Amino acid sequence: MSSDPSTCQFDHHTTQVGDLHFHSVEAGQGPVLLLLAGWPQTWYAWRSVIPLLSADHHVIALELKGQGDTSLALESDFSIEAVASEVEAFLQQRGIERFTLVGHDVGAWVAYAYSILFPQRLASSLLLDAALIGLAPTEAYMPRPGSRTWQFHFHAMADMPELLTAGREAEYLGWYFRTKSAVPGSMTPEAVQSYVEAYTRPGAMTAGFNYYRAVEKNRAFAEAHREHRFARPVVVYGGEHATGDNFLRSLQACDPDVSGGILPGCGHYLPEEAPDAVAKLIRSLPR
C-alpha cells in the first residue's frame, strides 16, 4: 500500500467540546486509531502514516489545543492531565467507545497521562520518542553543551521565548527539523512550511510554550504515578539518534510490563522519518 497522501481521502472535521473546537483529519473505516502529534507540529506529521492504515481503520489525527486549527485556549491549563481530559471529552462527544492511542513527543506525554486516567476506552497505546520530566532522570534535563533538552528550560520561561522568536518562527522551528531528524529528506520543505504557517498564527507559539510551562504539574503527575501499573498494554519506541530507549526504560521502572524498543537510523520525528515502521508497530499492537 502506498504512503502517498494522494491515494487516501483526508476528511477534515471540527468538533466543538465546551469552549474548545477540535480540528481532526480522518480517513477510513474500522477500529478507531487516534493519533496525537507533538510540538511544533500538527496533524500533518501523520500524513504518510494515515494512508498505510486507513484501509482497515478509522484513523483520526487529532490536533490538540494550540496545534493547527484547534483552539489556542491560551488561558487554559496545558498540563498533560488537563489535556488528556480534553481528549476524553472529545471522544465522548464523538461517541467513540474503544480505540488505539498513538502519541509522539508532546502527544506522547498526553497519551501517557490518558493511559493512566482513562484506560476503559483503550485497546493499547504506542508512545513515540518523548521525554517527560518526572520520569526521566533529572540529569537528563541539565543544560550542557550539545544538550537535546535545553528547550525544556527556555520554553518554560515567561515571555522570553516569545520575545526572541517573534518574526523568526521559520528560523527557530527550522532548526529543530534540521538538527533533530536523521533520515535525509524526511522533513520535506512542504512539511516545514506547513508547520511554520501553523505556528506563525497569533498566539500559536505561546500555546506551544505553555505545554512546557506546565512542567511542575507534569512533574507532580508523573511522580505521583511512579508505581502505576497500566491497565492496557503500553508500547514505547524511540529513535536511535534521539531519545533511544530512555523513555521506555523510565516507564519500565514504573511498570515492567511496558514493552518497546528503538527504531534504527531515525531521529526524533518518527512518523515522518519512518512511516512504514510506525504503521507496522501500530498494526502489531495488542487489540
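Student: Is the crossing of H6 and H7 left-handed or right-handed?

Tutor: The model is a predicted one. In it, the axes of helix H6 (residues 169–179) and helix H7 (residues 189–199) come within 10 Å and cross at roughly 135 degrees, which makes H6 oblique to H7. The crossing of these two helices is right-handed.

Student: How many residues of the contact of H6 with H7 are charged?

Tutor: H6 contributes Glu-169, Ala-170, Leu-173 and Phe-177, and H7 contributes Val-192, Tyr-195, Val-196 and Tyr-199. Of these residues, 7 are nonpolar and none is polar. The number of charged residues is 1.

Student: Which helices do the buried residues of H9 pack against?

Tutor: In helix H9 (residues 215–224), the buried residues are Val-215, Asn-218, Phe-221 and Ala-222. They lie on the same side of H9, because they cover an arc of only 130 degrees around the axis. The face turned away from that buried side carries the exposed residues Glu-216, Lys-217 and Ala-224. The buried residues pack against helix H2 (80–94), helix H3 (106–117) and helix H8 (204–213).

Student: What is the relative accessible area of Gly-238?

Tutor: Gly-238 is placed in strand E7 (residues 234–239). Residues that Gly-238 touches, beyond those up to four places away in sequence, include Asp-129, Thr-243, Ile-262 and Leu-270. Buried means under 20% relative accessible area, and Gly-238 is buried, with a value of 1%.

Terms used
Residues numbered from 1 in each chain as written. Predicted model: local features only at pLDDT ≥ 70, side-chain atom pairs only at ≥ 80, totals over all residues. Heavy atoms only, no water. Buried < 20%, exposed > 50% of the residue type's maximum accessible area, 1.4 Å probe, protein only. Helix = DSSP H or I, 4+ residues; strand = E, 2+ residues; numbered from the N terminus. Arc of directions from axis to C-beta. Contact = heavy atoms within 4.5 Å. Axes fitted to C-alpha atoms, helices over the stretch in contact; angles between N-to-C directions. Parallel < 35°, antiparallel > 145°, perpendicular 65-115°, else oblique. Left-handed = near helix turned anticlockwise from the far one by under 90°. Nonpolar A, V, L, I, M, F, W, Y, C, P; charged D, E, K, R; others polar.
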